[in-house]
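Let's work through some exercises together. Open the sequence and the 3D view, try each task yourself, and then follow the solution step by step.

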Amino acid sequence: TVRQGGEICSCGRAGCLGYNTSPATLVRWAHERGVLPDSARSGADVEPDTVAVDQDFTALAELARAGDPGALDILTTAMIDLGEGIIQIVNLLDVDSVVGGGPFWERLTAPGIGVLQAALAESTRLVAPRPVRVSDTRLGGDVRREIGQCSHAGRVQRFGGVLADGRLPVELRLLEKDRLL
């Protein structure tokens with residue numbers, strides 16, 4: 001849970017990270033708040049059309065990049081919720097670097113990754129002894145596809161491991177022409 005008193009998720013709990021940052025939820029909020037034009041497919045009781053949600057999510061991100069206050073508010077709220085989720089993970093696993101990626105990452109971070117970094121820096125709940133760095137993946141927007149292609153090509157050298165100090169890094173090294181990327 002990242003938002004106390006938030007909307008009810010399909011799991012039955014309120015304020016879940018996945019629900020609060022999902023494109024379907026963010027698009028629904030954008031329709032309800034008039035940021036995106038009304039649609040016959042919007043509403044909490046309507047099963048989202050994945051293609052339409054993807055298109056609307058792209059439109060929402062473009063509005064945020066253009067400085068639309070409503071779009072910025074929706075995506076900034078999602079980034080703050082994501083920051084809360086990251087705080088919980090950092091406190092649990094004692095990591096100091098978080099890499100974001102996936103098919104929605106670039107659109108979700110349209111207000112700027114600085115919003116997420118500020119949420120982490122200003123948090124009183126974060127107990128990490130050093131600053132937490134958030135960055136974009138170097139693998140591109142669809143990390144799963146990239147890893148799958150590299151794995152299929154036999155280019156994955158190592159995934160995971162434990163450092164001498166006991167911290168658990170998640171590490172992926174890809175070999176490209178005999179050098180690490």
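## Exercise 1: The nonpolar core

Of the 30 residues in the largest nonpolar core, the ones touching the most other members are L26, L60, L75 and L108. A nonpolar core is a set of buried Ala, Val, Leu, Ile, Met, Phe, Trp, Tyr and Cys residues joined through side-chain atoms within 4.5 Å. Buried means under 20% relative accessible area, exposed over 50%, and partly exposed in between (1.4 Å probe, protein chains only).

Before going on, a word on the model: it is predicted, local features need pLDDT of at least 70, side-chain atom pairs count only at pLDDT 80 or more, and totals for chains, interfaces and linings use all residues. Residues are numbered from 1 along each chain as its sequence is written, and side-chain values use heavy atoms, with hydrogens and water left out.

**Task.** Find which elements give two or more residues to this core.

**Solution.** 
- Step 1: Helices (H or I, at least four residues) and strands (E, at least two) are DSSP runs, numbered from the N terminus.
- Step 2: The elements giving two or more residues are α2, α3, α4, α5 and α6 (113-122).
- Step 3: α4 gives the most, with 9 residues.
- Step 4: Now pick L75 and list its contacts (heavy atoms within 4.5 Å). Not counting residues up to four places away in sequence, L75 touches L26, F57, L60, A61, A64, R107, L108, A110 and P111.

## Exercise 2: Buried or exposed?

**Task.** Decide whether R107 is buried or exposed, and list its contacts.

**Solution.** 
- Step 1: Locate R107 in helix α5 (residues 105-108).
- Step 2: R107 has a relative accessible area of 14%, so it is buried.
- Step 3: Leaving aside neighbours within four places in sequence, R107 is in contact with D54, F57, T58, A61, R65 and L75.
- Step 4: For practice, turn to α2: 8 of its 10 residues are buried, so α2 is largely enclosed by the rest of the structure. What covers the buried residues of α2 includes α1 (17-21), α3, α4 and α5.

## Exercise 3: Confidence

**Task.** Find which elements of the chain have the lowest and the highest mean pLDDT.

**Solution.** 
- Step 1: pLDDT is the predictor's confidence in each residue, from 0 to 100.
- Step 2: The chain's mean pLDDT is 76, and 70% of its residues reach 70 or more.
- Step 3: Strand β4 (residues 172-176) has the lowest mean (41), and helix α2 (residues 23-32) has the highest (94).
- Step 4: Over residues 154-181, pLDDT stays under 50. Where pLDDT is low, the predicted coordinates should not be read in detail.
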